[in-house]
Amino acid sequence: TLVLGPLLMIVFRQKYPRWWFDWNLALTQFSARVSTYMMLMTDRYPSTDEEQSVHLNIEYPDATKLNRWLPLVKWFLAIPHYIALLFLSIGVIFSVLISWFAILFTGKYPESLFRYNEGVLRWSTNVSAYALLLTTDQYPPFSLKA
């Protein structure tokens, strides 16, 4: 995502350009499609423009309601999330390897591993919306379900 432009626009002009949001949203959606493909959660090769099986709902922010100075420290406030996501991502690597063998022998992705990987992706996206996309001031929860 391109962080610096929206950060400066929010701090100095209290605006979030729609075209910048659309670009960051499209990039985030594409990244999510690539991630689900790499995690064996879908067989469809990631499209650059179609929504496919990944649906992200990130609303366009009203920049006048965003705290003007918070974008300067959101990256710092998100450090506990990045630490937790680091360890969860190690778990994702193992779950994808186990899932690969399960798919190879049974033809099915284990439901519990799918939900775990989905939860890590959801958590990561919530943190990105907060700290990188700068679309919300609501601190993301430490949860795989939110």
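**Terms and the values behind them**

Reply: The buried residues of α2 pack against α1 (4-13) and α5 (111-131). This is a predicted model, in which local features need pLDDT of at least 70 and side-chain atom pairs count only at pLDDT 80 or more, while totals for chains, interfaces and linings use all residues. Residues are numbered from 1 along each chain as its sequence is written, and side-chain values use heavy atoms, with hydrogens and water left out.

Me: What makes α2 a helix, and how does its reach compare with the span expected?

Reply: Helices are DSSP runs (H or I, at least four residues), numbered from the N terminus. Helix α2 covers residues 18-38, which is 21 residues. The expected span is 1.5 Å times one less than the number of residues; α2 reaches 30 Å from its first C-alpha to its last, close to the 30 Å expected. After α2 comes Leu40, whose phi is positive, near 65°.

Me: What makes the rings of Tyr16 and Phe21 an edge-to-face pair?

Reply: Rings of Phe, Tyr and Trp (its six-membered ring) pair if their centres lie within 6.5 Å; planes under 30 degrees apart count as stacked, over 60 as edge-to-face and the rest as tilted. The centres of Tyr16 and Phe21 are 6.1 Å apart and their planes stand at 80°, so the pair is edge-to-face. The rings of Trp19 and Trp20 have centres 4.8 Å apart and planes at 25°, so that pair is stacked. A search of the whole structure finds 11 aromatic pairs.

Me: How do you know that Lys74 forms a salt bridge with Asp137?

Reply: A salt bridge requires a side-chain nitrogen of Lys or Arg within 4 Å of a carboxyl oxygen of Asp or Glu. For Lys74 and Asp137 the closest N and O atoms are 2.9 Å apart, and the pair is accordingly a salt bridge. Lys74 lies in helix α3 (residues 74-77) and Asp137 in the segment after α5, so the pair ties together parts that are 63 residues apart in sequence. Lys74 is buried, with a relative accessible area of 0%, while Asp137 is partly exposed at 25%.

Me: Why is the charged end of Lys74 said to sit over the ring of Tyr130?

Reply: The term applies if NZ of Lys or CZ of Arg is within 6 Å of the ring centre and within 35 degrees of the ring normal. The charged end of Lys74 sits over the ring of Tyr130, 5.1 Å from its centre. Likewise, the charged end of Arg18 sits over the ring of Tyr60, at 4.4 Å from its centre.

Me: Which residues do salt bridges with shared partners join into one network?

Reply: Glu111 and Arg115 form a salt bridge, with closest N and O atoms 2.8 Å apart. Arg115 also meets Glu118 in a salt bridge at 2.7 Å, N to O. Bridges that share partners join Glu111, Arg115, Glu118 and Arg122 into one network.

Note on methods: Helices (H or I, at least four residues) and strands (E, at least two) are DSSP runs, numbered from the N terminus. Contact means heavy atoms within 4.5 Å. Buried means under 20% relative accessible area, exposed over 50%, partly exposed in between (1.4 Å probe, protein chains only).
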